[in-house]
Amino acid sequence: MATASQERPGAATAAPRIDPGTVERRTLEIGRELFARVGGASGPWRRSWWENRFMDWTLDDPEVRAQLFRFIDVLPALHSPESTRRHLAEYLDEADDRAPWWLRTAVAWSPPGTDRERWLAASARWAAETMAHKFIAGATPDEALQTVLKLRARRLAFTADLLGEAVISEAEADVYQQTCLALIQGLAEPVAAQPEDPLIDRDQHGPIPRVNLSLKLTSLTPHFDPIHPERSIEEVAARLRPILRTARDLGAYVHVDMEQYTYRALTFELFKRVLAEADFRDWSDVGIVVQTYQPDAEDELRDLLQWVETRGAPITVRLVKGAYWDSEVLTARGLGWPEPVYLQKWRSDAAYERCARFLMEHHDKLRPAIASHNIRSLAHAIAAAEAIDLPKGAFELQTLHGMGDAIQDALVGLGFRTRVYTPYGAMLPGMAYLVRRLLENTSNNSFLKVSAAAGAPIDELLRNPEETGAMLTRSRPQAPAPSPDSSSTSSDLPPLPPFRNEPISDFAKAENRQAMAEALRKVEAQLGQTHSLLINGEYVETPGHWIDSHDPSHSSRLLGRVAAAKAEHADAALTAALAAADSWGSVPADERAAILVRAAAILRDRRFELAAWEVFECAKPWREADADVCEAIDFCEFYAREMIRLATPRVRDVPGETNRCEPLPRGVAVVIPPWNFPLAIPCGMTVAPLAAGNTVVLKPAEQSPIIARKLVEILHEAGVPPGALHYLPGWGEEAGQALVNDPRVNVVSFTGSRDVGLLINRQAAETPPGQDHIKKVIAELGGKNAIIVDDDADLDEAVVGVLASAFGYAGQKCSACSRVIVLEGIYDAFLARLVESAKALKIGPAADPETFVGPVISAEARKRILEYKELAPTEGRVLLDVDVSAIADRGFYVGPMIVADVKPTARIAREEIFGPLLSVIKAEDLTEALAIANGVSYALTGGLYSRSPRNITRVRREFLVGNLYINRTITGALVDRQPFGGFKLSGVGAKAGGSDYLHEFLLVRSITENTMRRGFAPEEMEGV
Ligand SMILES: Cc1cc2nc3c(=O)[nH]c(=O)nc-3n(C[C@H](O)[C@H](O)[C@H](O)COP(=O)(O)OP(=O)(O)OC[C@H]3O[C@@H](n4cnc5c(N)ncnc54)[C@H](O)[C@@H]3O)c2cc1C
């Protein structure tokens, strides 16, 4: 085994430099040699040749590929021939006539309930398992050993990798750790007993470990989250150390795999911290992965080198391009973040070569493990090693099990130590891995796919990636700049770019975490101030009449005192609002829009400060607070563009007659928002009527008046005139009532509880003497939202999605899930994982970045939720009731509760609770599940987890809610992308953040002019 002392990494000697130019000729020679060996081994007499052809024939069409991958993905969850056949038929239907004819015929010839159906299901399973076995080396330690021995017989070393489901509970993290330990222990003795093969068991210094384990750090805790790096490191390190100690004691090697970008910085930090500890700092049988699709891979290598120099003992670096390219690109684009990876393949390839040279230059400290199936990449690394006369044992080459078998043999034939990454695990946990491999084998960008194509020209495959890049850059036309929003008007103001959602903060970035922590400190220093009303630009005190705003996480902490308006203040605000209505309404729409865009810019500049206020005043955890600020920005930007669009008159001229429709503001709007999205909802509800030219009196919720005050200040700063917007905090029964009942009010916009909403609707319907119009009411009320979990659902996703929807922000969202309706076939399995995973949720103060479930908003809310919790055992089986007694006296904490076997008619299954209580209801089939889901008086949000295209179509049609989400969480609607709002008793009015919303605040006038005079219409005579 190589140790640090044997290595004596020559710290004093300068590393040799490898010139890429001189390496190029040898790269091509080695590449041709490898191709010759691989080509000679490939042909119809080898199984791999047929597998490649099969992949080509079946999976070349992207649509067919997508559908068949989906089928493979769901297959382990299907337990009957009927369900297997049905899913296959459904997926093939999706691919239509592009699916292979023989597959369609096989399905058509296997009607339900027949022997042929059983045969079809068994064949499908056999085919998928055969494919899985190509990439997955076995399910048991014994199978693992057999595979290892077979590899050794081919003179190949191995690294064992444990496949696992997403780890979402402590119990699952324990199992992963124990299985790693068992694998090392189980393999150590039998592998040691094998005769030594110097090619794979020695390097240039002596024996090296024969047992080699690759592991994923995210599998060692359910809380691997870069938002709280220290806690993640602590939890993972506690499970990692025993694995490292056992490996060291048994002479095994441990390699840390690299996963998605979001985990990367934390993975490096964790690796470096633990391996610098006294127990491990002189141990060199460890390594980590560097991905060259990341543009800063070279910086990472330099950083690792520096760290190794301080630590003393070398490590191995496995160089890869990266396994998550598709998901990195899709995730970033979905979030509006810059893609964290190169977007052109040649760049990843070129970076790979630069990094390979760097590793060879520093091989004594960073031992190179060149992991690729790309012959050009491998050849370049080998040529670089040759250029500095490195012995073959000083580095190794690595490939994946089931991929490039011919390459493995060719490398062994040339005398290189070659290690095969051999994953272990059953088919179900291995699904994500299997699909990644299939994607890799069928992607048009993959070297393996391209080189397997008949007649692929070798010179092209061996082309220097820099050269490919230069060719592409020369031939690619410049992308046109995005055109401005077509809805912009012809005013002097510059047109606005198209709307895009404000990206949430990426808390994997240290600078964002620091900015948030700093904002929390700053805001904490500003607590305890008093805030007056703001009427017509003037501050108005209400002596002795205050609302005290408290921090729900630390209820004794007073955040500030806010003036509470009385009826006389409402009167003054409405007088001023009415007086300003004409002047604000006649400001051109694009100027009003420009003010909103300016407000968005201020919100953006102050995003962390505002999020910090949300943390204190409403106990919003970091991510929720940040997303709320983004949504506020979106409302400003979106409604600004919408108003410009709507302001363009609709013209329908006919000969002799002009016709146009023009919007008109309604007048004075009263806005009464809730506290649970303390910036976004007040902002959206306020800027929509303002954009439409109405004046606004804003009465914020009693629980969040300070944040609302910040919003009003920002809107005034952006240019909303003092008369157009008034800040009127107060009690609902006092200021709220006075505002709603006043005859000068044209629009009442309310979001909140059902009872108050219905009351407002009744009151607004009155037309007291002196009121010459009918008030318009827009009301967003509650929900009793359900998620249906189909019996083929992906449990990894369903469990995480249900928990996030039910317990995110302690269940205090009108969109939150409070009922989960689970099909019988999956009920027990779902419940078991749900409850285990819920136990791992972190409960605590909102300012702590680790917190997932914070306190509820107030003592009153807690009391109400606790009453439901007391009722729960009489209405179902309480499976989880998290004990929060240790922090209960600090704030308004309520432990999440999961109640199973709840009847659809139970109170906890019908009444809105607005807290962390989840009812689980069993349904016999989808028909019953839909009946239960629709059987309440609300219709706000709903969800479905299913992998059946037919069931998804049915639920789309029959689940009657305002916002339906399939295979994702049911909270977190985005402006424009998911306009939000429900029906039945969930509310009345257009959807917030949608294209109809501004109509609620507008009247439309149709103006017709007869332009004909005595049979003569001037414009019609032109050109006659
Ligand atoms: C032994 C071994 C262990 C591995 N461990 C890990 C690991 O821990 N973590 C990890 O992330 N990866 C790992 N990989 C890498 C990964 O699984 C893929 O096998 C590898 O990226 C494929 O690269 P290639 O050089 O073999 O093939 P090539 O076909 O030359 O390259 C394909 C790769 O290029 C990149 N790419 C594709 N399209 C584009 C594009 N448009 N723009 C930019 N880049 C693009 C992607 O990374 C893609 O995987 C490992 C690979 C091996 C062999």
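Asp96 is exposed, with a relative accessible area of 53%, where exposed means over 50%, buried under 20% and partly exposed in between (1.4 Å probe, protein chains only). The model is a predicted one, in which local features need pLDDT of at least 70 and side-chain atom pairs count only at pLDDT 80 or more, whereas totals for chains, interfaces and linings use all residues. Residues are numbered from 1 along each chain as its sequence is written, and side-chain values use heavy atoms, with hydrogens and water left out.

Asp96 is situated in the loop between α5 and α6; helices (H or I, at least four residues) and strands (E, at least two) are DSSP runs numbered from the N terminus. Although Asp96 is not a glycine, its phi is positive, at about 60 degrees. Most residues other than glycine have a negative phi. A positive phi, near 55 degrees, also occurs at Ala619, which is placed in the loop between α25 (607-618) and α26. Ala619 counts as buried, at 1% relative accessibility.

Arg85, Leu88, Ala89 and Leu92 of α5 meet Leu103, Arg104 and Val107 of α6, contact being defined as heavy atoms within 4.5 Å. Five of these residues are nonpolar, none polar and two charged. In this classification Ala, Val, Leu, Ile, Met, Phe, Trp, Tyr, Cys and Pro count as nonpolar, Asp, Glu, Lys and Arg as charged, and the others, Gly among them, as polar. Helix α6 also holds Trp102, which counts as partly exposed at 38% relative accessibility.

Ala567, Ala570 and Leu574 of α23 make the contact with Ala735, Ala738 and Leu739 of α29. The residues of this contact comprise six nonpolar, no polar and no charged.

A nonpolar core is a set of buried Ala, Val, Leu, Ile, Met, Phe, Trp, Tyr and Cys residues joined through side-chain atoms within 4.5 Å. The largest such core has 154 residues, of which Tyr639, Ile788, Phe830 and Leu834 touch the most other members. Helix α26 (residues 622-647) contributes the largest share, 13 residues. Another core, of 132 residues, lies apart from the largest one and has Leu88, Leu301, Ile375 and Leu397 among its members.

Ser377, in helix α16 (residues 375-387), counts as buried at 2% relative accessibility. Beyond residues up to four places away in sequence, Ser377 touches Lys321, Tyr352 and Ser372.
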